[in-house]
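Okay, thanks for making time, everyone.

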Amino acid sequence: MAPVLSVRGLSKVYATGFEALKSVDLDIEKGEIFALLGPNGAGKTTLISIICGLVNASQGRVVIGGHDTVDAFRAAREMVGLVPQELTTDQFEKVQDTVAFSRGLFGKPKDPAIVERVLKDLSLWEKRANQLRTLSGGMKRRVMIAKALAHEPSVLFLDEPTAGVDVELRRDMWEVVRQLRDSGVTIILTTHYLEEAEEMADRIGVISRGELMLVEEKAALMRQLGRKRLTLILQEPLDTVPEGLAGYDLALSEDGSELVYTYDTQAERTGITSLMTDLRAAEIRFKDLYTEQSSLEEIFVNLVRERR
């Protein structure tokens, strides 16, 4: 099956000479949630803006649902909904009116039933007659999503969808995104919240300095790049790590009560067996132990650091 979105050789160089994107290739499959991660200035918004027809590419091609964004701009643009990071709405408009107006912008005929369905799906129906200025930040964010869905796009871009939203509303928004995916909408989101990508995404792309560094399934990414920590809770505190254990690069907690050993989960040998043997030889006893998997945030930070 052909991808719903295909990007090939996409580059963007501004008049100042700044190269915002460097020959990006990317395929997005129908019905997936794809998270695009990257630090500020990495090229995330530029990539989305080109795909959505807001910025012209310097080079390359974008195809959405079989439609080239240059040769068949209208058909391609109708396939896409965009929820920008900024809340750009007329504060005195009513919720139902602003969503219906967004549908009209794409030349779609009036259809109150579709507007009603979108508002109900986003738990906005009870607020349909409210002016936007009376809504909470979380509700305004939902209205932005409703506006982007009003013309029934197949692909929805969410640029920092939970920026400025508290933790509880963020989790509510995650549920909204999952429901949209279950309804058949392909979701592409940018986020600074690594927890968000770890919680929701099927695949993850990491972009830095205009280059798409990798695209990988979330679980595979964590298996390949993740590391585990073995923490030993000692019976007696240590002042320093004995010289005989220097080869393990152990970290001693500030109070000397814990030893932390970090190891590669994909290595042929983890070194844990020999570590235990050497701990006994050094007469270091522990009363408990536990392991932790590296978080996506640690993986992301390490990836970006390696490419600098």
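First, a term: buried means under 20% relative accessible area, exposed means over 50%, and partly exposed is in between, with a 1.4 Å probe and protein chains only. By that count, 44% of the 308 residues in the protein chain are buried. Now the housekeeping: this is a predicted model, where local features need pLDDT of at least 70, side-chain atom pairs count only at pLDDT 80 or more, and totals for chains, interfaces and linings use all residues. Residues are numbered from 1 along each chain as its sequence is written, and side-chain values use heavy atoms, leaving out hydrogens and water.

The chain has ten helices and 14 strands, taken as DSSP runs (H or I, at least four residues, for helices; E, at least two, for strands) and numbered from the N terminus.

Let's look at α9, residues 272-281: its buried residues are L275, M276 and L279. They fall within an arc of 100 degrees seen down the axis, so they line one face of the helix; that arc is taken over directions from the helix axis to the C-beta atoms. On the face turned away, you'll find T273, R280 and A281 exposed. Just after α9, E283 has a positive phi of about 60 degrees.

Next, how do α3 and α5 pack? Helix α3 (residues 95-105) and helix α5 (residues 137-149) sit at an angle of about 30 degrees, axes 7 Å apart, with axes fitted to C-alpha atoms over the stretch in contact and angles running from 0 to 180 degrees between N-to-C directions. Contact (heavy atoms within 4.5 Å) involves V95, T98, V99 and S102 of α3, and V143, A146 and K147 of α5.
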